[in-house]
Amino acid sequence: MRIVIAGGHGQIALRLERLLAARGDEVAGLIRSADQATDLEAAGAEPVLCDLESAPVEEVAEHLRGADAAVFAAGAGPGSGAARKDTVDRAAAVLFADAAERAGVRRYLVVSSMGADPAHQGDEVFDAYLRAKGEADADIRGRKDLDWTILRPGMLTNDAGTGLVRLEAHTGRGPVPRDDVAAVLAELVDTPATAGLTLELISGSAPVSVAVKSVAGN
């Protein structure tokens, strides 16, 4: 498979790129800065310079043509303000989805956030983040030309992955290593029967492959 990942230099994306490349998939990651290219190459991914905050949709679609799946894993990052939560966490996800539709890429995965809600209340930056993620998710859910799956991890950690997770429509809050988020995404790419699902993810007791199979088609 050829898989194109938006936010290719993110912590989850780099882990996912390594997993996909190791199993023989062709992986490309969209990055904002040429300085990030070396890290993607080390992960086994092709770096593609493309700023989703300024690129027109047709340019993004060109990067997606011929892909079997698209993964939106971009984020404005913890040091950014509310304005960039909107331009990256919402608008870039919508742009990437528009581009996937133009390129004829049906399989579309989104790394969202537990608690994402377009009606979330509050004036803090994190509140703006949850609204932006929620608005992006709502947009993606309304698309008939994408086989989308939305993944909402709990509190992300850099602990070593265990390969044991809880993946359900509603899990309740909890932590999850980024390693395990990437492993679940890699499994979801190969499981189109999860299309149309919004799934929460935390650490648990089920092996990743078992957890994904158990929700597939539900």
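The largest pocket of this predicted model holds about 1,000 Å³ of space. A pocket here is an open set of points on a 1 Å grid over the protein atoms alone, where a 1.4 Å probe fits and protein lies on both sides within 12 Å along at least five of seven lines. Its volume is the space filled by probe spheres set on the points, which are joined across faces, edges and corners. Of the 41 residues lining this pocket, Ala73, Ala74, Gly75, Ala76 and Gly77 are closest to its centre; a lining residue has an atom within 4 Å of a point. Helix 1 (11-22), strand 2 (26-31), helix 4 (82-103), helix 5 (125-141) and strand 7 (155-157) are the elements that each give two or more residues to the lining. Helices (H or I, at least four residues) and strands (E, at least two) are DSSP runs, numbered from the N terminus.

By class, the lining has 21 nonpolar, 11 polar and 9 charged residues. Nonpolar covers Ala, Val, Leu, Ile, Met, Phe, Trp, Tyr, Cys and Pro, charged covers Asp, Glu, Lys and Arg, and the others, Gly among them, count as polar.

A word on conventions. Residues are numbered from 1 along each chain as its sequence is written, and side-chain values use heavy atoms, with hydrogens and water left out. As the model is predicted, local features need pLDDT of at least 70 and side-chain atom pairs count only at pLDDT 80 or more, while totals for chains, interfaces and linings use all residues.

I turn now to helix 4. Asp89 lies in this helix and, at 1% relative accessibility, counts as buried; buried means under 20% relative accessible area, exposed over 50%, and partly exposed in between (1.4 Å probe, protein chains only). Which residues is Asp89 in contact with, leaving aside its neighbours within four places in sequence? They are Ala74, Gly75, Ala76, Arg84, Tyr129, Ala132, Lys133 and Ala136, where contact means heavy atoms within 4.5 Å.

Val88 is also placed in helix 4 and is buried, with a relative accessible area of 7%. Not counting residues up to four places away in sequence, Val88 touches Glu53, Phe72, Ala74, Gly75, Ala76 and Ala93.

Gly77 lies in the loop between strand 4 (69-72) and helix 4. Is Gly77 buried or partly exposed? Its relative accessible area of 30% makes Gly77 partly exposed. Between the C-alpha atoms of Gly77 and Tyr129, 52 residues apart along the chain, the separation is 9.8 Å.

Next comes helix 7 (residues 208-215), where Lys213 is placed. Lys213 is exposed, with a relative accessible area of 59%. Val208 is found in helix 7 too, but Val208 is buried, with a relative accessible area of 9%. Val208 and Ala183 are 25 residues apart in sequence, with 7.0 Å from C-alpha to C-alpha. Ala183 is also among the residues that Val208 touches, including Gly163 and Val165, when residues up to four places away in sequence are not counted.

Finally, the whole chain. There are 7 helices and 11 strands. Its radius of gyration, taken over C-alpha atoms, is 16 Å, close to the 17 Å of the globule rule (2.2 Å times the number of residues to the power 0.38) for 218 residues, so the chain is as compact as a globular protein of that length. Buried residues make up 50% of the 218.
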